[in-house]
Amino acid sequence: MSGIKAEQRPVTVDDRRLWLASLVIAGATLLVVLDSTIVNVAVPAIKTAFGFSTGGVEWVVSSYLLTFGGLLLLGGRTGDFFGRRRMFMVGIAVFTGASLLAGFAPTQGLLIAARALQGTGAAIVSPTSLSLIATTFPEGAARNRAMGVYAAMSGSGGAIGLVLGGFLTSAASWRWVFFVAVPIGAIVLLVAPRVLPESSGGKRGRLDLPGAITVTGGMALLVYGLIEASQDSWTGLVTLVSLGGGVLLLIAFGVIESRSARPLVPPHIVLNRNRSAIYLIMMAAGCGLYGMMFLLMLFIQNDLGFGAIMAGVGFLPLAGAISVMSAVMAKLVNRIGTRIGVTVGPLIGAAGMFWLYLEVGPTAHYAQIVWPTVVIALGLGATFVPLTLAAISGVRPNEAGVASALANTSQQIGGSIGLAVLGTVSTIAAATSTQPGRIAAVAGYHAAFGVAAIVLVAAFVIALLMVRGSTAPRAGLKSDRPG
């Protein structure tokens, strides 16, 4: 793999500091991913406490997703310009302070504003965490181990959030789903300067402001349109205007970047064939995983009769399988390279999703669906480590932030698409079913899991046809650096 040149090698520290650095990055990653689902379980309690309308309480979740998805690219680029450790700590401070504010929020408006602020902090933390792995850990086994921990947290954090959210809401109060982030964030802020080296990436000059404005607006409108589609309809005026406006702003962003002397996203980052394929696969994996988790949670609660805590516990095998497979791949990838996992992983995930499609039905019970979800998790766990390694390999050190941000953005947009599309498929299939109530709803889940399986097959086809490069030890994607 063509990596970082010798004169630009990442800063290395002793083994103990590397271990602590990995824990710090893992803790930050867990905070961000966990918060995308931990609040979901608490939504009914929050609705009752504040007297929210059904549409109003949805913004407790959506405001976080909106700022997170909209600001990811800008958040990643700030690390390249102003220092990755510095911006990582800024993001953690914003996220932790917003979590404290949300926990004490006395009104609806302040709670929603705090959630939006949490998303802003997360949009800085998520890409800078990944780029810090590239610049802190030496290439090879150390970086692969750190990436394995990162991938495990990214893949299983959502399921852990469901478990923790159910427990905290039932055992304490909905406010603790926010307070739980405060001590973790404080510890990360205390330890980070001691174990993470500062690295600005050598980028100087002014931020590409027109590019930043258009991409942030475009991403925010796109995410908002997908949220509206999942909650309302694809043909609603707000959905169409938001999606259309988002696409137009992103097209404008592309034009601006092609003419900018210092683009926010250098074109060669996304025009590299392998890396563009990696981003598409990440989007498909996010679509399948998050869409499946959302609908399966509904099925487990509404049709299997599980309470909030037990429904969350039901996802522990999925979280465990992703974590275990991520750790295994972190050890294997140095010998087999990235291409095998990137190609075979989605195929295993698709097989598990198709198995889930066959098992879900009116008479299904938990033992029937848990094993397919484990297979899905094993497939995606095998995919995430090589995907994230490949996404940041071969880029200049001063572009690690934007490469990381694009990887995170792909997964985030994929998750939003998964919720919108699979939710729509489920709703339409249930509405057109000739079966009565509950059986019709199950038919909707059944159809959605079938579509999710097709999405993961598409990820396999993209990897098979587009991803190229050596599979030798330390192999990854060819450098796209000019010259």
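This is a short tour of the model in your viewer, stop by stop.

Before you click anything, note that the model is predicted, so local features need pLDDT of at least 70 and side-chain atom pairs count only at pLDDT 80 or more, while totals for chains, interfaces and linings use all residues. Residues are numbered from 1 along each chain as its sequence is written, and side-chain values use heavy atoms, with hydrogens and water left out.

**Stop 1: the core**

Select Ile-46, Phe-88 and Met-292. These have the most contacts inside the largest nonpolar core, which has 130 residues. A nonpolar core here is a set of buried Ala, Val, Leu, Ile, Met, Phe, Trp, Tyr and Cys residues joined through side-chain atoms within 4.5 Å. Buried means under 20% relative accessible area, exposed means over 50%, and partly exposed is in between (1.4 Å probe, protein chains only). Now colour helix α12 (residues 273-302): 15 residues of this core come from there, the largest share. Helices are DSSP runs (H or I, at least four residues), numbered from the N terminus.

Zoom in on Ile-46. Leaving out residues up to four places away in sequence, Ile-46 touches Val-39, Phe-52, Val-57, Val-60, Leu-111, Trp-174 and Phe-178. A contact means heavy atoms within 4.5 Å.

**Stop 2: aromatic rings**

The structure holds 11 aromatic pairs. For one of them, show Tyr-64 and Phe-68, a tilted pair at 5.8 Å centre to centre with 45 degrees between the planes. Rings of Phe, Tyr and Trp (its six-membered ring) pair if their centres lie within 6.5 Å; planes under 30 degrees apart count as stacked, over 60 as edge-to-face and the rest as tilted. Both residues sit in helix α3 (residues 54-82), 4 residues apart, about one turn of the helix. Tyr-64 and Phe-68 are both buried.

**Stop 3: the second largest pocket**

Next, pick Leu-73, Leu-250, Phe-253, Val-270 and Leu-406, which lie nearest the centre of the second largest pocket among its 21 lining residues. Two or more lining residues come from each of α9 (209-231), α10 (237-259), α11 (267-271), α12 and α17 (400-432). The largest share, 5 residues, is from α10. A pocket is an open set of points on a 1 Å grid over the protein atoms alone, where a 1.4 Å probe fits, with protein on both sides within 12 Å along at least five of seven lines; lining residues have an atom within 4 Å of a point. The space in this pocket is about 590 Å³, taken as the space filled by probe spheres set on the points, which are joined across faces, edges and corners.

**Stop 4**

Go to Gly-401, in helix α17. Gly-401 is buried at a relative accessible area of 1%. Beyond residues up to four places away in sequence, Gly-401 touches Gly-76, Asp-80, Arg-84, Pro-127 and Ser-131.

Then jump to Ala-459 in helix α18 (residues 437-466). Ala-459 is also buried, with a relative accessible area of 1%. Draw a distance to Ala-285: 7.3 Å, C-alpha to C-alpha, for residues 174 apart in sequence.

Finish at Asp-303, in the loop between α12 and α13 (308-313). Is Asp-303 buried or exposed? Asp-303 counts as buried because its relative accessibility is 12%. Not counting residues up to four places away in sequence, Asp-303 touches Leu-298, Arg-438, Val-442 and Tyr-445.
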